[in-house]
Amino acid sequence: MDLGIAGRWALVGGASKGLGLGCARALAAEGVNVVMVARGAEALNAAAAALQAECPGVQVLPVAADITTAEGRAAAFAAPGGPGTNFDIVVTNAGGPPPGDFRTWDRDAWIRAVDANMLTPIELIKATVDGMAERGFGRIINITSSAVKAPIDILGLSNGARSGLTGFVAGVARSGIAAKGVTINNLLPGKFDTDRLQGTLAGAAAKTGKSVDEVRSAQMAQVPARRFGTPDEFGAICAFLCSQHAGYINGQNILPDGGLYPGTY
């Protein structure tokens, strides 16, 4: 299926690995020019070079910056050869806050979590959504977490910050921009085989006294698909939501989790 987005520009956060890279790869494969942002320059440049080799017909621009800071966002918008703030597609994605016991988190820990996982996506939306509306097309995808629907006890910082973003997006998506061709949706990944998952497995292992392998096997067995997802699978979902065919999907919380979530909605 031709997704109808070739030639457009996308900004993808956390794009050097994991789910962010999966999204960047899927978009580039559809002919989308991609500005890839991540903090680690070495990993980012390697990922961008590999993606450019895979997709020679598009522009792949790496920007080594912290997207959760005003300076990092300014660097992404100032990428040489990029579209400035005139992105057609924005995929917000920042590393989740660390797991732990809420009793140990001080105010600064909460502020960092909210700043990275709620306020940063809001700032990116604010900087780009009006231009999208003026041009008659826009897709904003926020990578959040399945914990928004099924909170995880050791991920309290993530539960709180991402739930705040979910409420904000619910309002903005219904504010009239969809009538101008702009949609905003959230992707709530379940258990995907990424470095982030390894961190949560390690946290669960430390809490229970089991080995990481034991925790991994037990969690995989809980997923009806009996496996963890892959970044490429996630990227394919993201690319479809960014496509011309997804203009009637708006304000949704889409949960790719292999069927793990037991709820009815």
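Buried means under 20% relative accessible area, exposed over 50%, and partly exposed in between (1.4 Å probe, protein chains only). The model is predicted: local features need pLDDT of at least 70, side-chain atom pairs count only at pLDDT 80 or more, and totals for chains, interfaces and linings use all residues. Residues are numbered from 1 along each chain as its sequence is written, and side-chain values use heavy atoms, with hydrogens and water left out.

**View 1. The largest nonpolar core has 35 residues.** A nonpolar core is a set of buried Ala, Val, Leu, Ile, Met, Phe, Trp, Tyr and Cys residues joined through side-chain atoms within 4.5 Å. Ile5, Val12, Leu27, Val34, Met36, Ile89 and Val91 touch the most other members. At least two residues each come from strand 1 (9–13), helix 1 (18–29), strand 2 (33–38), helix 2 (41–54), strand 4 (89–92), strand 5 (138–143) and helix 8 (231–241). Helices (H or I, at least four residues) and strands (E, at least two) are DSSP runs, numbered from the N terminus. Helix 1 gives the most to this core, 7 residues.

**View 2. Surroundings of Val12.** Contact means heavy atoms within 4.5 Å. Neighbours within four places in sequence aside, Val12 is in contact with Gly20, Cys23, Ala24, Leu27, Val34, Val35, Met36, Val37 and Val91. Another core, of 27 residues, lies apart from the largest one and has Val35, Val37, Met132 and Ala173 among its members.

**View 3. Aromatic pairs, of which the structure holds 3.** Rings of Phe, Tyr and Trp (its six-membered ring) pair if their centres lie within 6.5 Å; planes under 30 degrees apart count as stacked, over 60 as edge-to-face and the rest as tilted. Phe77 and Phe87 form a tilted pair, 6.4 Å centre to centre with 50° between the planes. Phe77 lies in helix 3 (residues 70–77) and Phe87 in the loop between helix 3 and strand 4, so the pair ties together parts 10 residues apart in sequence. Phe77 is buried at 16% relative accessible area, and Phe87 is buried at 0%. Trp105 and Trp110 form an edge-to-face pair, 5.8 Å centre to centre with 90° between the planes. Trp105 is buried at 14% relative accessibility, whereas Trp110 is partly exposed at 32%.

**View 4. The buried residues of helix 8 are Phe234, Gly235, Cys238, Ala239 and Leu241.** They cover an arc of only 160° around the axis, which puts them on the same side of helix 8; the arc is that of the directions from the helix axis to the C-beta atoms. These buried residues pack against helix 1, strand 4, strand 5, strand 6 (182–187) and strand 7 (253–254).
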